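Student: I would like to learn how to read a model of this kind, feature by feature. Could you take me through the general idea each time, and then through the case at hand?

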Amino acid sequence: MIFDSHVHTRFSTDSQMFIEEAIAKAKSLDIGIIVTEHMDLEYPQPEFFKFNLDDYFREYDRYRNPRLRLGIEMGMRCELAEKSREMAAQYPFDFIIGSVHVVDKKEIYPEAFYQGRSKKEAYDRYFDTMYACVKGFDFVDTLGHIDYICRYAALEDPEIDYVDFRDRIDPILTLLAERGQAIEINSRRFDNPRAVESLFPIYRRFRELGGQWVTIGSDAHNPSDIGRRLDKALELAERCQLRPIWFDKRKPQLMK
Ligand code: HSO
Ligand code: ZN
Ligand code: ZN
Ligand code: ZN
């Protein structure tokens, strides 16, 4: 079965989706989903991207079944690694995504982050931060959306050209591969064929460096995005000979 392993419902402060809506949509597509609510500790706006984990498991436990698993998307900051590790151990997550949303205490949005920096400077800083985070967050199951920075960059060409950043990307991929961690293929930008093509050399390199596993997620914040463009993500995995997996009780499960 295909799993959409990146879905945000109402415990995420930026989603209004009811879990029942997510379940209905997944059922209509005949796919499984993993709910992965946002938890960004010490976010620049402290009230954003947090939720109560006791409430989460109390309210959603009854929806848990073989096609619906409960996870989390942790915003990674290297100084939060130990606190995050404890959180991961304290709750019965099926799956943990580690994502970089914040660099140098700033959201990676044009106004906050670029400030006169060139694309090369800004993206280098993003990847250096990602490497430091991946080092500390050795317990996460997958690295979320490596191309997150492309979403909001106010650049004519926001894509990551692998050859321009290989010295920074390779250490990240090597570390994940060595530890047997997965990397996510996030399909959110996959309506744009340029986005898919520019990511191809990165995932192919992951395979070359010994990486084996990918998780697949739409990053849906509303029902209509659930499962969207997962076919393109699966196609990319196939081209790179990476195996799509999902997680149950923190254990990798082969898709199909
Ligand atoms: N809502 C965006 C940005 C975000 N920032 C998440 C922090 N956490 C990603 O879905
Ligand atoms: Zn979000
Ligand atoms: Zn994210
Ligand atoms: Zn997300």
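Student: What radius of gyration does the protein chain have, and what would a compact globule with 256 residues have?

Tutor: This is a predicted model, in which local features need pLDDT of at least 70 and side-chain atom pairs count only at pLDDT 80 or more, while totals for chains, interfaces and linings use all residues. Residues are numbered from 1 along each chain as its sequence is written, chains are lettered from A and ligands numbered from 1 in the order in which they are written, and side-chain values use heavy atoms, with hydrogens and water left out. The radius of gyration is taken over C-alpha atoms, and the globule rule is 2.2 Å times the number of residues to the power 0.38. For 256 residues a compact globule would come near 18 Å, and the protein chain, with 17 Å, agrees with that. Its C-alpha trace spans about 50 × 40 × 35 Å along the principal axes.

Student: How many helices and strands are there in the protein chain, and what share of its residues is buried?

Tutor: Helices (H or I, at least four residues) and strands (E, at least two) are DSSP runs, numbered from the N terminus; the protein chain has 9 helices and 11 strands. Buried means under 20% relative accessible area, exposed over 50%, and partly exposed in between, with a 1.4 Å probe and protein chains only. By that scale, buried residues make up 54% of the 256 residues. As for contacts (heavy atoms within 4.5 Å), among those between residues at least 6 apart in sequence, 76% join residues at least 24 apart.

Student: Which residues coordinate the zinc ion (ligand 2)?

Tutor: Donors are N, O and S atoms within 2.8 Å of the metal (3.2 Å for Na, K and Ca), and because water is not among the atoms, sites may look incomplete. Here the zinc ion (ligand 2) is coordinated by Asp 14 through OD and by His 38 and His 221 through NE2, at 2.0 to 2.1 Å, and the donors follow the spacing D-x23-H-x182-H along the chain. Asp 14 lies in the loop between strand 1 (3-7) and helix 1 (19-29), whereas His 38 belongs to strand 2 (residues 32-39), so the pair ties together parts that are 24 residues apart in sequence.

Student: Are Asp 14 and His 38 buried, exposed or partly exposed?

Tutor: Asp 14 is partly exposed, with a relative accessible area of 36%, while His 38 is buried, at 6%.
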